[in-house]
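Subject: Structure handover

Hello,

Here is the structure I promised you. Please open it first, then read my notes below.

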Amino acid sequence: MSDQPIIQVRDLHISIDMDEGTLTPVRGVSFEIHPGETLGLVGESGCGKSLTSKAILGINEKKCHARGEILFRDGEDRVTDMLKLDPRGKAIRAIRGSQISMIFQEPMVAFSPMYTIGNQINECTRLHITKDKKESKAITLEMMKKVGIANAEKRYDQFPHEFSGGMLQRALIAMALVCRPRLLIADEPTTALDVTIQAQILELMQELQKELGMAILFITHDLGTVAKMCDRVAVMYLGRIVETGTAREIYRNPQHPYTRGLMNSVHKIGTRKLDRLFSIEGTVPLALNLKDGCGFFDRCGERTEGICDLKEPELYCLGGTHCAACVRCREEVTGGA
């Protein structure tokens, strides 16, 4: 694995001006991903995962104001700050789809119903690889076969409504990978699929990752999928990363109360039928005019008034790559200092 990361997100903030005040769905997110590595971004719906990923490609809505740094290293070792590029300019369009691709959450709305599947995948090929129609079609068909679409020649001329959900997801992966990107952003790519198809899609992504050597930002709320797919994990809550580390560190020894709550909320083999599934009390607060202190304060069963509600804790290193943003974690390591 290269020492130089493909993508570095540094202190990313995203704000939205509203009549009621300023909404801050992303507040100081930082992470990096190296070649061949998979980083899992985990958290409840509304915690800012998708906004963070879309900021990398500059495809958030105009009302979203982003600041910070998103440094992308291309194949020629040139570093570009994606936030400084015009979202509609030629520079970022040369990167989108070619060097950074994204698998969107809903394949049914990712494709236009007006054009055939082959035509839409082929558009990426002709835009970034070759203008020759025969050559671009051959490249498209090769990728469609590689992602497991049977009878690709026939499927090439079919429309999205003629595909099943699983096949449409494979076509979406083919469109994302046809230009062999350095970074793949997968935004909950298996949410709408049944368990059997989920397993096939995940295995397919792992095989293509080994073949192409690309990095993956895997966004999900499925902890089982994260354990299978990811090398490192970043847990998000209310627009911030509250715990990060290797998948082994996070799963064997979760430290932040929110991470432990997520782990305990998963149904485990061997539990009795009548046992109640653990749930985290309360709801995620709206990221609007937030109070001082830890964002998880109102829902935390381990909170300490007069400490946790005064200042939002920073990520504290617990050893190795394992870090957590919790005052109690810091006290355990430092002996209460």
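**Aromatic pairs**

The structure holds 3 aromatic pairs. Rings of Phe, Tyr and Trp (its six-membered ring) pair if their centres lie within 6.5 Å; planes under 30 degrees apart count as stacked, over 60 as edge-to-face and the rest as tilted. Take tyrosine 237 and tyrosine 258. Their ring centres are 4.6 Å apart and their planes meet at 55°, so this pair is tilted. Tyrosine 237 sits in strand β9 (residues 232-237) and tyrosine 258 in helix α11 (residues 257-264), so the pair ties together parts that are 21 residues apart in sequence. Helices (H or I, at least four residues) and strands (E, at least two) are DSSP runs, numbered from the N terminus.

Are these two tyrosines buried or exposed? Tyrosine 237 has 3% relative accessibility and counts as buried. Tyrosine 258 has 0% and also counts as buried. Buried means under 20% relative accessible area, exposed over 50%, and partly exposed in between (1.4 Å probe, protein chains only).

Tyrosine 237 also pairs with phenylalanine 296. That pair is edge-to-face: 5.1 Å centre to centre, with 85° between the planes. It links distant parts of the chain, 59 residues apart: tyrosine 237 is in strand β9, while phenylalanine 296 is in the loop between α11 and β11 (316-319). Phenylalanine 296 is buried too, at a relative accessible area of 4%. Tyr237, Tyr258 and Phe296 form one aromatic cluster.

**Before you go further**

This is a predicted model: local features need pLDDT of at least 70, side-chain atom pairs count only at pLDDT 80 or more, and totals for chains, interfaces and linings use all residues. Residues are numbered from 1 along each chain as its sequence is written, and side-chain values use heavy atoms, with hydrogens and water left out.

**Charges over rings**

Which residue lies over the face of tyrosine 156? Lysine 137 does, at 4.8 Å from the ring centre. Arginine 303 lies over the face of phenylalanine 297, at 5.5 Å from the ring centre. The rule: NZ of Lys or CZ of Arg must be within 6 Å of the ring centre and within 35 degrees of the ring normal.

**Strand β8**

Now look at strand β8 (residues 215-220). Here 6 of the 6 residues are buried, so the strand is largely enclosed by the rest of the structure. In a regular strand the side chains alternate between the two faces of the sheet. Ala215, Leu217 and Ile219 point one way from β8. Ile216, Phe218 and Thr220 point the other way.

Which strands pair with β8? Strand β3 (residues 38-42) pairs with β8 in the parallel sense, over 5 bridges. Leucine 41 stands opposite isoleucine 219 there. Strand β7 (residues 183-187) also runs parallel to β8, joined by 5 bridges. Leucine 183 has alanine 215 as its bridge partner in β8. Two strands pair if DSSP finds at least two bridges between them.

**Arginine 232 and glutamate 37**

Arginine 232 lies in strand β9. At 17% relative accessibility, arginine 232 counts as buried. What does its side chain touch? It makes a polar contact with the side chain of glutamate 37, at 2.7 Å. A polar contact is a pair of N or O atoms within 3.5 Å; within protein, one must be able to donate a hydrogen and the other to accept it, and residues adjacent in sequence count only if both atoms are side-chain atoms.

Glutamate 37 lies in the loop between β2 (21-33) and β3. Glutamate 37 is buried as well, at 5%.

Leaving aside neighbours within four places in sequence, arginine 232 is in contact (heavy atoms within 4.5 Å) with residues including Glu32, Thr38 and Gly245. Threonine 38 is found in strand β3. Threonine 38 is buried, at 1% relative accessible area.

**The whole chain**

The protein chain has 12 helices and 12 strands. Buried residues make up 48% of its 337 residues. The C-alpha trace spans about 70 × 50 × 45 Å along its principal axes. Residues 24 or more positions apart account for 64% of the contacts with a separation of 6 or more.

Best wishes
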